[in-house]
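Subject: Structure handover

Hello,

Here is the structure I promised to pass on. Please open it alongside this note; what I found follows below.

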Amino acid sequence: MWFMRQAGRSLPEYLKVREGVPMLQACATPDLIVEITMQPVRRYGVDAAIFFSDIVVPLKAIGIDLDIKPGVGPVVADPIRDAAGLETLRPLEPGDVPYVTEAIGALAGELGATPLIGFAGAPFTLASYLIEGGPSKNHDRTKAMMYGEPKLWHALMDRLTGIVLEHLRIQIRAGASAVQLFDSWVGAVSAADYREFILPHTSRIFAGVPEVPRIHFGVGTGELLGVLGEAGADVVGVDWRVPLDEAARRVGPGRALQGNLDPAILLAPWDVVETRALDVLRRGRAAEGHIFNLGHGVLPSTDPDQLKRLTELVHSA
Ligand code: CP3
């Protein structure tokens, strides 16, 4: 078990070390990366660490002018909307992210037997930030390109796939023991459109990192679980909208599941958390393997003591 976004936002010790340090600066400072990655492992005793970084870090590293605005998310100065914009996306090289390699090397020593999960944003979710210029509710311009200019769309996805794949390989070579692909906003498309516009690219990513366990996660993906399972990951992440026994049926054989307690449940009294968490564990037995997690990231207002008790509960169940 581990928690998505366990490394940030809700922990007082995180807020303390981040004081006065912009998010992207923190992501480029090895000492801070190591400290923040270790914080939830120390406090909760979770079974895995997640590398402290952000999905836009490799884009920033190849020169895309972007920032992470507190309370907003990633904001891109010159959104990519045509063939000329596409040219600004050059391939990623290990020398672009020396702080990633350095921090992972240091973490290997600190973590001992606890595995480190490396990660990247998936091409669709990254494309949405790049095309919209920031967070988007409907992904209008993203879908306009996908449906209206499929050649340009696939060329953009292809470049992003190359960047994502290299970023994962850099993390694996440095010592990451598993990887997760975050396609947080992919729930916005239908299964048929996923198959046509996204699956060729995510399949290439998973096929390119066969040496470690691979987790594939998205939000609002109830209708996509089958096709997400086909993309080639070992584990499919499920949000809280579909119970895990039903998710196991939709994903099909040969895949484990990750999830799926609603992060908002942690804002309720402990007895509610306990009942719901035990239900997640019970339904998870229907899957071929189960990594306990939340259905999405820890909410900033979460009391860390609830996560501590939850970790103990899952470990004792
Ligand atoms: O699990 C972890 O804590 C590891 C680190 C991690 C962060 N971002 C740190 C972060 C991971 C795995 C991510 C991935 C990420 N970033 C995703 C996919 C995961 C998901 O939750 O769906 C997405 C969509 C992003 C883009 C992004 N970056 C958003 C939407 C935000 C939130 C903006 C806000 O302030 O509400 C960020 C910033 C961000 N990334 C923070 C952290 C800890 C908060 C910034 C801060 O603490 O100043």
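By class, 16 nonpolar, 7 polar and 4 charged residues make up the shell around the ligand. Nonpolar here covers Ala, Val, Leu, Ile, Met, Phe, Trp, Tyr, Cys and Pro; charged covers Asp, Glu, Lys and Arg; the others, Gly among them, are polar. This is a predicted model, where local features need pLDDT of at least 70 and side-chain atom pairs count only at pLDDT 80 or more, while totals for chains, interfaces and linings use all residues. Residues are numbered from 1 along each chain as its sequence is written, and side-chain values use heavy atoms, with hydrogens and water left out.

The ligand

There are 27 residues around the ligand. A residue counts as near if one of its heavy atoms lies within 4 Å. Arg5, Tyr14, Asp54, Ser184 and His296 come nearest. Helix H1 (12-18) gives at least two residues to this shell, and so does strand S3 (73-76). Helices (H or I, at least four residues) and strands (E, at least two) are DSSP runs, numbered from the N terminus.

Now the polar contacts (pairs of N or O atoms within 3.5 Å). A side-chain N or O atom of His296 sits 2.6 Å from a ligand oxygen. For Arg18, a polar side-chain atom is 2.9 Å from an oxygen atom of the ligand. Gln6 uses its backbone: a polar atom there is 3.5 Å from a ligand oxygen. On its own the ligand has 870 Å² of accessible area, and the protein covers 90% of that. Areas come from the Shrake-Rupley method with a 1.4 Å probe.

The aromatic rings

The count is 6 aromatic pairs. Rings of Phe, Tyr and Trp (its six-membered ring) pair if their centres lie within 6.5 Å; planes under 30 degrees apart are stacked, over 60 edge-to-face, and the rest tilted.

Phe3 and Tyr44 form an edge-to-face pair, 6.0 Å centre to centre with 90 degrees between the planes. Phe3 lies in the segment before H1 and Tyr44 in helix H3 (residues 30-44), 41 residues apart.

Phe182 belongs to strand S5 (residues 178-183) and Phe217 to strand S6 (residues 214-218), 35 residues apart. Phe182 is buried at 13% relative accessible area; Phe217 is buried at 0%. Ring pairs also join Phe119, Phe182 and Phe217 into a cluster.

Best wishes

Key:
A polar contact is a pair of N or O atoms within 3.5 Å; within protein, one must be able to donate a hydrogen and the other to accept it, and residues adjacent in sequence count only if both atoms are side-chain atoms. Buried means under 20% relative accessible area, exposed over 50%, partly exposed in between (1.4 Å probe, protein chains only).
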